[in-house]
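Colleague: Could you walk me through this model? I would like to know what can be read from it.

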Amino acid sequence: MRFLKNIFLLLLTFSPVTPIWAQEFEVQKILTFEEYIDLVKANHPVARQAENRLEIGDADVQQARGAFDPKIFNNTKQKNFKGSEYYSIIESGLKIPTWFGIELQGGYDLNEGAYLNPQNMTPADGLWYGGISISLGEGLFIDERRAELRKAQLYRKMTQMERELMLSKLIYEAGKAYWKWFESYSVMQTYEEAIEIAEERYEGVRRSSQAGEVAAIDTTEAKIQVQKNSIAYNEARLEFKNASELISVYLWLDGVTPLEIAKGTIPAYQEATGVPIDEKFLGEIEGLIEQHPELRRSGFKVDQLEIERRWSREQLKPELNLKYNVLTESIDEIPSAEYSLHNYNFGLEFEMPLFLRKERGKLKLANLKISDARLDLKNYRANLEYKAKAALNEWKTSNEQLEIYRQTVENTRRLLEGERRMFMAGESSLFMVNSRQMSYINAQNKFFEYISKNRIARLKTFYRFGLIGE
């Protein structure tokens, strides 16, 4: 992390005015693509949000597990009127839910009073109890607590997929901005060199014209070429400035403070080249598509709906709840070891709607949701496969085009050199030299454009396959 902050201090400034420490490095500072992406992943707010998704998933699971927390309770009811204690009812205990739908419970009751309901009467020292509560109908195999926990666990997996999607998109967008920045800088450099050459040629033609060696019109021709290159340079410089502004959008300090790229910072344009297509994408398209985070997230959503359907189907059963507690007296505030299984309380609850309209409607709705989700999943898969294959085609074609323009640049350079020699020998015209020069400049710019396209196509391929990449 300290290394990344050192890069920040070297390359970035909070103010458009270059600080003193930056003036000491007024020589061009190179920001490589790898350094730039590391800065984006470590400090961009979206990258921080992506990491937060994991914590959100963990928090959701923790919340769902809270339904299985043991609970202590106490209920106290008393009534006194005109100096007479009508009743005093004290119920305290502990309930322990379990994953299997059985609830363990134990407690202590101490009830007394002149008008106490006989069914609530306890020995003078109170009454201890312990037992279980179990659902034998609805809730035996799955209940709301278990359903919510399983859905939360699936949601945690979904947040992991969301994190990968957010990071993948961020790297793609940030990387695209970098290679547009690279392209605009490379084009600007080309025109800057072209202006220098055109000005040298203009000065040479002007001196030759003054000496009567060439026609005066050639001076005008040379001057026009300088002006054309200057206009093109100004346009390229504007593109570079705008691209630099876009680069700054992705540069942050600790995900809080937006930064501006320091004056004089340039991309690593001299070492940049195209990247051939990775063969693993060609042989494993189907497998990579199946592992796409968007597809997996949708699959987890279907799994959540399956849990909802299972719970809806469970609710078609009648409610049949059994409760059993053994009872024992308290002697000197300690439960007696001499208890009998014949001392107990027992309860059985049964309830069932006659028409089950609510439950059947809920189950039907769950089935329809699953059907829709599965259709969406198939649609996602088809679209993802198309987009991934299209990105692969772009990557492959851009690499082929790049190799063609690599040769084109070399051929136009040779033509330009040959035209210059012919011009010096008096066998060509300044117009032809300028024409060859423009062809060479255009070929160079097209070459840089295809380097940019190739790199962006690679980023796009990783993005379409849902890979974080780089």
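Colleague: What average pLDDT does the protein have?
Modeller: This is a predicted model, where local features need pLDDT of at least 70, side-chain atom pairs count only at pLDDT 80 or more, and totals for chains, interfaces and linings use all residues. Residues are numbered from 1 along each chain as its sequence is written, and side-chain values use heavy atoms, leaving out hydrogens and water. pLDDT is the predictor's confidence in each residue, from 0 to 100. Of the residues, 91% score at least 70, and the protein's average is 86.

Colleague: Thanks! Which element has the highest mean pLDDT?
Modeller: Helices are DSSP runs (H or I, at least four residues), numbered from the N terminus. The lowest mean, 31, belongs to helix 2 (residues 20-23). Over residues 1-26 the pLDDT is below 50. The highest mean is 94, for helix 9.

Colleague: Is Ser312 buried or exposed?
Modeller: Ser312 lies in helix 9, residues 293-314. Its relative accessible area is 2%, and the cut-offs are under 20% for buried, over 50% for exposed and partly exposed in between (1.4 Å probe, protein chains only). So Ser312 is buried.

Colleague: Nice. How is helix 10 oriented to helix 11?
Modeller: Helix 10 (residues 357-424) and helix 11 (residues 430-464) pack at about 160°, with axes 7 Å apart. Axes are lines fitted to C-alpha atoms over the stretch in contact, with angles from 0 to 180 degrees between N-to-C directions. Angles under 35 degrees count as roughly parallel, over 145 as roughly antiparallel, 65 to 115 as roughly perpendicular and the rest as oblique. Helix 10 is therefore roughly antiparallel to helix 11.

Terms used. Helices (H or I, at least four residues) and strands (E, at least two) are DSSP runs, numbered from the N terminus. Contact means heavy atoms within 4.5 Å.
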